Every structure is written in structure tokens, then in C-alpha cells.
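Please open the model in your viewer and keep the residue selection panel at hand. The stops below may be taken in order.

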Amino acid sequence: MTLLALSATVHGIRPRCYTEDNCNPTVTQTAVFFVALYLVALGTGGIKPCVSSYGADQFDDTDEAEKKHRGSFFNWFYFSINIGALIASSVLVWVQDNVSWGWGFGIPAIAMAVAVAFFFSGTRLYRNQKPGGSPLIRLSQVLLASFRKLQVKVPSDKSLLYETADAESNIRGSRKIEHTQDLSFFDKAAVETESDHIKGTVNPWRLCTVTQVEELKAVIRFLPIWATGIIFAAVYSQMANLFVLQGERMNTHVGNSTFKIPPASLLIFDTLSVIFWVPVYDRIIVPVTRKFTGHKSGLTQLQRMGIGLFVSIFSMIVAALLELERLRIVRRHNYYELKEMPMTIFWQVPQYFLIGCADVFTLIGQLEFFYEQAPDAMRSFCSALQLTTIALGDYLSSLLVTIVTSITTRNGKLGWIPDNLNYGHVHYFFWLLAVLSVLNLGAFLLIAKWYTYKKPVGTLH
């Protein structure tokens, strides 16, 4: 952020602009700008998968009261992120437009410096888990050992499978995991043979512990649940894509004033929705459902995620119905060439609000699920895996738009999503996403019914 601020203020690396939309950056200036952006991306990639896991690590697994509060941690962690997003999308946007881009980037840089100082000031208070080494290496060892023993038969007595005799796992920072019956092919990696002890020591590329095998099984069980998050992320991405295009064709004036709200700014209603729903969920829904289910969190993580997927369907339905009504008015009054038809953009608020509600159920549910069900030494890895659904959802949305545009523009037709949406049928795309979301929810329910929860043994020190 500091480099971004410098690129917008320091003479020499700041591009020369002749008008508001006419700048002529040099190769060096462009390079500095993109290096700054990639540094932000690199830093974000390091922070996002680790900060939620590290925060949750501060709650003692052996203390039931602390475990109970850990579920609330994920709620308020996501709440704090959205408070930051609210400030960024309101105060910082105003600063960038009315003061300068230098201060627009400089304020977040100062905020990050303060955050880093606060983080390090609490170093002595943190509970630090022992690093368990590379999870990718351990997963590769199980895969290779399993295929090496392709012809080896797994014993019916699973107590014969290899595991350390110590109370703790041989993986640093990880408890032992109880053996599960499914995905039994990978149990071959834990079957002891004569060749495994030729040199006196165990070669982890030939013989793996039950806990190590269960790590791989846990990741494989994650994958179907993880995949259902991609469709949800594609729905989520519409806030920055088709919702904005839809809003551009609506009346962007606030009331009868001359002030016009940028269509992309309506994303703030998603943020406000999250800020509204997190306290409602944590303080009302959890205590009420806990009385009926007896579960410490009220709902299981999978139940919570399923509700979010269900709510996301209605965000697409509402968006499609709004577009149908908008096009009906366009046709009735021949507003085809009108840049902004007389229908207020604030009719879009419900679809943003519904996605915000779905966020609270699905995204926070995913955060908690991928932490709780991850093997102890793979929590940051699994949190990173969960975050990839957001990127893949964006790619899926782009792919769907490309396919739909290619098919619907044949024979000279304008297609579903033309430059002027008054001539288009973008509601068909919303219906398509709604149908995909219904199918996705059905697949999720089947997967959730099949899912086997991990069973850790012992305590984590």
C-alpha cells in the first residue's frame, strides 16, 4: 500500500495526466504500479488463509467453554472484515475522489502499519501451535505409498495398521486421528510389510501412519463440499458484474436531488446486510436453535452452509424478477435508447441484501467448517483451499458469460447480454444461475449426508 501511495504522489513514478481520463504512464511507472498491486496480492494471500485459523487457535480445544466461543469468533471476525469494507467503500472512496489518490492509498497503508504494530504487541499472549511441516509432502507420501502397495491387501483388523505407539501423533502440532472405514484404498499406505523396515527406520514414502492417511482422507472428503462453494461464488460475483450493468440502466439519482449514486456503490448494501445479520445470527439464531438441536453452535456447519446456499437462490430469483419488470417498463414506454430509465436503482437493494444474508450463513460456515474439520497441522492449508472457491467462482461466471454470449449471438442476434441491456435478456442469465444454484444445493445435501466427520484422539498441546 505504501508503494501504491508513492506511485500516486511522488514525481517521477506518478503518471502525467492531461485530463481526468487521459494519462500517459511510462513503462517504469506502469511497472511500479503493477509491482505494488502484486505485493498487495501476495500479502493478502499470506494473511487471509492464516489470520482466521490463527485467531481460532487461541481457543483451547480441551476447554468446552472456549470451544463454544470459537464459533462466535468466526462470526465476529467476518463482521470486522465487513466493517473495514464499509469504511473502504465509503470514506476511502470519498477521499480518493475529493482529496487525492495519494491519501486514498496512504490511509490504508497507515492503517496496516498500526495493525502490524498491534499484532506484534500481543506476541507474548498468543497460543502458538507447533508447525507440522509441509502438508503437500505428507499427502504425496500417502499417495505414493498407496500405489506402491497396490497389490497389498488391507487387513480386516484395522488395529494392525501402522501408527506410532506414543500418545501423540508423529506429526508435530497434530493429534492422532481415529481410523475411518471409507476411502479404504489409502489404508494400504499404513499396511506394514517386510520391506518397510529393511534399514531399521521407517521410510515415510513407503509406510505412513493412520493419522497421515486420515489427513489425506479428510482433504478428499473436503473436495465435494469445496466444489459446491464454486457455484455460490459465481452467484456472489454478480454483485461486481451483471448487477452493476443492470444498475447502470436504472435511475441512479438519490430522490429528487442531482446527486447520482454509482451503480457499483450499491455493493455497500451487501456489506450492511452482513453487518446486520452477524449479530442476529450470533445473538438470536444460535441461542434459539441450540435449545432445539442441542448442538453447541445451534446449527452444524453443514446445516449453516446449506441455508446460505438456499438463500442465494432467491437473490438470483429477485434479480431476474426485477429485470423482467424493468424490461416491461422499457417496452411499454419505448425507453430502449434511454441511458437511465425512470426506475430507481434502489430496487436492487433486496438482491444485494439477500446475498449478504447468504454470506453470513455460507461463507462464515465454510470458514468454521474448513477449520474444524481440517487435521490439526493442515488448518491454514484447508482455509486457503476454501478461499480458492472465490477465484474459481469468478472464473466460472466469466466462462458462463462467454458461453452464453457465444450461443445467443449467433445469426446476428444481440444475445442475452448486449451492450445495451434494454435490448437484452439478462434475466435469462439470472434464471440460469438460479437453476444451477438449485442443482448445486441438491448436490450439497447429498454430499452432506455422506460426509464423515473427523475423530481426533487425545489433546493438542
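Select A5, which sits in helix α1; the model shown is a predicted one. Is A5 buried or exposed? With a relative accessible area of 12%, A5 is buried, because the limit for that class is under 20%. Next, display F105 together with A5: the two are 100 residues apart in sequence, yet their C-alpha atoms lie 4.8 Å apart in space. Leaving aside residues up to four places away in sequence, the residues that A5 touches are G102, F105 and G106.

Two packed helices are described by the angle between their axes and the distance between the axes. Helix α3 covers residues 64-98 and helix α4 residues 101-121; they pack at an angle of about 150°, and their axes are 6 Å apart. Angles over 145 degrees count as roughly antiparallel, so α3 is roughly antiparallel to α4. Which residues make the contact? On the α3 side, select L92, V95 and Q96; on the α4 side, select W101, W103, G104, F105, I107 and P108. Coloured by class, this contact of α3 with α4 shows seven nonpolar residues, two polar ones and no charged residues.

Now turn to the second largest pocket. Rolling a probe the size of a water molecule over the atoms shows where empty space is left. The second largest pocket holds about 580 Å³ of space. Its lining consists of 20 residues, and those closest to its centre are A8, P15, C17, C23 and W101. The elements giving two or more residues to this lining are α1 (2-7), α2 (27-57), α3 and α4. Helix α2 supplies the largest share, four residues. By class, the lining of the second largest pocket comprises eleven nonpolar, six polar and three charged residues.

The remaining stops concern backbone geometry. Most residues other than glycine have a negative phi, and most peptide bonds are trans. Select L183, in the loop between β3 (176-177) and α6 (210-236). Although L183 is not a glycine, its phi is positive, at about 50°. L183 counts as partly exposed because its relative accessibility is 25%.

Finally, go to N411, in the loop between α11 (379-408) and α12 (426-450). N411 is not a glycine either, and has a positive phi of about 60°. Its relative accessible area is 78%, so N411 is exposed.

Technical notes
Residues numbered from 1 in each chain as written. Predicted model: local features only at pLDDT ≥ 70, side-chain atom pairs only at ≥ 80, totals over all residues. Heavy atoms only, no water. Axes fitted to C-alpha atoms, helices over the stretch in contact; angles between N-to-C directions. Parallel < 35°, antiparallel > 145°, perpendicular 65-115°, else oblique. Contact = heavy atoms within 4.5 Å. Nonpolar A, V, L, I, M, F, W, Y, C, P; charged D, E, K, R; others polar. 1 Å grid on protein atoms, 1.4 Å probe; cavity = no way out; pocket = protein on both sides within 12 Å on 5 of 7 lines; lining within 4 Å. Points joined across faces, edges and corners; volume = space filled by probe spheres on them. Buried < 20%, exposed > 50% of the residue type's maximum accessible area, 1.4 Å probe, protein only.
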